[in-house]
Amino acid sequence: MRILLIEDEKRLVAFLRKGLREESYAVDSSANGAEGLELARHGEYDLIILDIALPAMDGLTVCREIRAAGLATPVLMLTARDRVEDRVKGLDSGADDYLVKPFAFDELLARIRALLRRQSAVGDELVCGTIRLNLKTHNASRDGRPVELTAREFALLEFLLRHPDEVISRSRIADHVWNFPYDSESNVIDVFVNRLRSKLDPDHDYLTTIRGEGYRISRVHSTDDE
Ligand code: CA
């Protein structure tokens with residue numbers, strides 16, 4: 001999952017970047033509203049964390065512009081003031097949720113999970129056929145049998161499960177799961193996909209390789225194109 005953080009408090013940015021990365025989120029950040037808006041428009045983000053008081057363009061305007069551009073990306077707004085008026089303004093500008101500073105990191109994580117869940121999951125679980133992934137406990141299972149995943153494998157599986165039946169290119173995986181630009185010379189993604197597949201889907205029932213394009217996780221069993 002790739003998060004855009006638009007916040008100008010340096011220490012908070014450093015803290016959030018580190019904490020979110022430890023939770024397997026890919027994070028981009030910007031310290032001013034105008035630049036943040038450009039990133040939001042041109043990047044593909046799963047969620048945006050947006051401060052209200054920002055240089056160049058305030059968060060409320062950024063949020064209105066994001067919605068005016070037709071982007072439905074969930075926006076979690078950060079505000080330093082807890083006044084009803086501020087919360088109403090934030091939600092009216094198109095934000096999905098807000099958090100008052102200072103906040104506990106665990107609460108931020110819970111809000112992020114809730115917003116991402118609204119998009120595609122039922123409860124705390126992502127399900128594809130007999131594959132289940134619990135977003136809270138990080139437990140994965142296949143046919144009711146637990147499967148041990150590393151943090152990176154979890155992030156990869158989560159990304160695929162959030163986009164079922166879609167062909168996902170290696171560069172999108174690199175962008176959302178690895179947080180670095182795709183290098184077509186490297187086979188690191190294929191290595192990880194194969195490792196995930198050997199643990200979870202050795203017979204290629206769900207996870208298909210689409211030659212020259214990428215990977216797809218399908219809700220109905222499919223024959224592999226490999
Ligand atoms: Ca600020």
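Author: A residue is called buried when its relative accessible area is under 20%, exposed when that value is over 50%, and partly exposed in between. Please keep in mind that this is a predicted model. The metal is a calcium ion, and the residues that coordinate the calcium ion are D8 and D51, each through OD, together with A53 through O, at 2.1 to 2.3 Å. Along the chain these donors follow the spacing D-x42-D-x1-A. D8 lies in the loop between β1 (2-6) and α1 (10-22), whereas D51 belongs to strand β3 (residues 47-51), so the pair ties together parts that are 43 residues apart in sequence. D51 has a relative accessibility of 4%, which is under 20%, and therefore counts as buried, while D8, at 31%, counts as partly exposed.

A disulfide, in general, is a covalent bond between the sulfur atoms of two cysteines. C63, at 0% relative accessibility, counts as buried, and C128 is buried with a relative accessible area of 1%.

Helix α6 (residues 151-161) is mostly covered, with nine of its 11 residues buried, among them F154, L157 and F159. The buried residues of α6 pack against the strands β6 (125-128), β7 (131-134), β10 (207-210) and β11 (214-217), and also against the helices α7 (170-178) and α8 (188-200).

Terms used
Residues numbered from 1 in each chain as written. Predicted model: local features only at pLDDT ≥ 70, side-chain atom pairs only at ≥ 80, totals over all residues. Heavy atoms only, no water. Buried < 20%, exposed > 50% of the residue type's maximum accessible area, 1.4 Å probe, protein only. Helix = DSSP H or I, 4+ residues; strand = E, 2+ residues; numbered from the N terminus. Contact = heavy atoms within 4.5 Å. Donors = N, O, S within 2.8 Å, 3.2 Å for Na, K, Ca; no water.
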